[in-house]
Amino acid sequence: MCGITGAYAFNEIGRISLIHLGQATDALAFRGPDDRGTHLGYFCGLGHRRLSILDPTPDGHQPMYEESGRYTIVFNGEIYNFQALRQELEAKGYTFHSGTDTEVLLKGYKEWGESMLPRLNGFFGFAVYDQEEESLFIARDRMGIKPILWYRDDDRFVFASEMKSLLAYGLPRQLDFETLHLYLQLNYVPAPHSLLKGVHKLLPGHSMFLKGGALTIKKWWQVPYEPNNLNPRKWSYEQQQEQLRELMEHSVQRRLVADVPLGSFLSGGIDSSVITALAARQVDKLNTFSIGYKDEPFFDETRYARLVAEMHKTEHTVFSLTNHDLYEHLHDVLDYLDEPFADSSAIPVYILSKRTKKIATVALSGDGADELFSGYNKHMAFWRTLHPGMAETAVSALLPIWKALPKSRSGALSNKFRQFQRFAEGMRLPLKERYWRWATFASSGESLSLLSASSKQQLDQGLYEQYKNQILQYLPKNGGINDVLYTDVQLVLPYDMLTKVDLMSMANGLEVRVPFLDHEVVSFAFSLPADSKINRQMKKRIVQDAFRPLLPPELYQRPKHGFEVPLLKWFQTELRSKIEGHWLKDEFVEAQGVFDVNATRALKQQLFSANPGDAHARIWALIVFQHWWKRVMGEVGVGV
């Protein structure tokens, strides 16, 4: 796809930042390897890197200028309805010199200003500089598919698609301890926060307007969810299924427009299989791509992917990985992350994107369906806490036994013990705290115990609680499944799932499109009652029922694994020496001063014990952080 960046100076001192515009633009080279452009004005500079998708010709070059010279745009994304918008603008007298959605966006802003945003169907991050009034307008798409990060001080405002571009402007690098506390629990950093003080992320569905030193941030769209107005009798369940099929067919069709090789990720799960089935009806010999694990059959789901590929006659490619393959790409992933992000499935997504790019330039994925339609195991757990029976009561009562049994994610039985313990603990908590328990890998107390005395002193516990309450604000005391899903869409979807896909695909110059996140599909999903999505027998009920004729029956008889990585065995073998002698070496941890050496030592002991639990996920969060620290923060002690 693309990457964008820019700097806006408030005074002559701030203009010094413009010197770094070229370096900041080049920092986005992986996102846009095909073309580079900059605009350098007196107080504002814009940079753009492009991956040619729809229009590889020179008239798609950015920054793009409106004829009068007043407006300049840099744009990252795709506007699927740009042809219809172009016709509207042509009827108003506008002429066009390219076939790009960028030019439509530029002239649409000239005509409609910020009121253009609700007209857009697509995903995007873009900035428009108005030279006449010396203002800068920036916007992010509804669901947060494309990122925007920003920083401001007394002299300048800078923004970019990725942190590495922001850092090129010479920002201060000081650790934000409240956000670190969040990261150590979630394994990712939720917006609007970042691990560097002063660096912020624009929230999904938000825009910014900057003029002089005045910055205004607005919410221009939110998920249209009104829990008290859901009407299960508005449509019958059969009508709901028909509506979903129609919306998804149109969404996939919009995302198949490309003048480059195109394919679909196919994990063998319901979501990617639905997308593949719909795309295969419109693309002959569709390319499909799967990841498998040679060394870890428990995590391998390629058998199901092959069944879907055979049913829809796709050109199917399986990338079968060994643990050595994962290790081989470890540093590529860690080096690309300019902020700690510890969802370990980023590694196979990186490899999948890298190998897919050799065949296709655009890939469809099934992301978003779990959060919209209740597809995770935790959603079934929530349902069961809201409708408890004898089984739920028994599991809760046996909590002392679950605590005593060995637990890990690497085996069927030990993983079940782990799930029973988490369920039993959650049953005893109110809804907000239950959600937080099941959204995290560590409790607040466990996270705090990892921090050194110095770090704890710099942590504002009140500010951390404010951050946490903002995340949980959409969960009423007596909330239901839709409230849980709504919170997932505000948290898990944009800051874990979409961040992972954007970073790992962009690292390889691959564009990933997500049909389930068309805003019309999202709006429909949140008009449905919870029982259309989940009951005691089935998660993601309406998705499974609506597309049952298009999928092999074997898909309905398999457990859900997720896109996991066999980290535990890996850590206990190939990476053990590096964990103990490099990332979490006692001497380095003590000199660094961020973490408590006794706590990291105890976590290592748990990892290498017969009862590791979720220690591998917490260790991975520390590994990612330590690698980032050494690369971004520099010398030991910087920023503390």
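**Packing, rings and backbone**

Guide: If residues up to four places away in sequence are set aside, T600 touches L450, V589, F595 and L622, where contact means heavy atoms within 4.5 Å. The model is a predicted one, in which local features need pLDDT of at least 70 and side-chain atom pairs count only at pLDDT 80 or more, while totals for chains, interfaces and linings use all residues. Residues are numbered from 1 along each chain as its sequence is written, and side-chain values use heavy atoms, with hydrogens and water left out.

T600 belongs to helix α27, which runs over residues 597–607 (helices, H or I, have at least four residues and strands, E, at least two; both are DSSP runs numbered from the N terminus). With a relative accessible area of 0%, T600 is buried (buried means under 20% relative accessible area, exposed over 50% and partly exposed in between, with a 1.4 Å probe and protein chains only).

Leaving aside neighbours within four places in sequence, L105 is in contact with I73, F75, M116, L120 and F126. L85 is 20 residues from L105 along the chain, and the C-alpha atoms of these two are separated by 8.7 Å.

The buried residues of α12 include K378 and H379, along with F382 and W383, and the partners against which the buried residues of α12 pack are α11 (369–373), α15 (412–427), α16 (431–439), α20 and α21 (492–506).

From here we can turn to the aromatic rings. The structure holds 25 aromatic pairs (rings of Phe, Tyr and Trp, the last by its six-membered ring, pair if their centres lie within 6.5 Å; planes under 30 degrees apart count as stacked, over 60 as edge-to-face and the rest as tilted). In one of these pairs, F157 and F159 have ring centres 6.4 Å apart and planes at 35°, so the pair is tilted, and both F157 and F159 are buried. Y474 counts as partly exposed at 26% relative accessibility, whereas Y486, at 7%, counts as buried. Elsewhere, Y71, Y109, F124, F126, F137 and W220 form one aromatic cluster, and F126 is also one of the contacts of L105.

Two rings have a charge over them (NZ of Lys or CZ of Arg within 6 Å of the ring centre and within 35 degrees of the ring normal). The charged end of R15 sits over the ring of Y42, 3.7 Å from the centre, and R548 lies over the face of Y556, at 4.2 Å from the ring centre.

The backbone comes last. Most residues other than glycine have a negative phi, and most peptide bonds are trans. The bond joining Q62 and P63 is cis, with omega about 0°, and P63 lies in the loop between β3 (44–50) and β4 (64–65). The peptide bond from A191 to P192 is cis as well, with omega near 10°, and P192 is found in the loop between α5 (177–186) and β10 (199–201). N187, placed in the loop between α5 and β10, has a positive phi near 75° and is buried, with a relative accessible area of 2%. K313, in the loop between α8 (302–311) and β15 (315–321), has a positive phi near 55°, but K313 counts as exposed at 62% relative accessibility.
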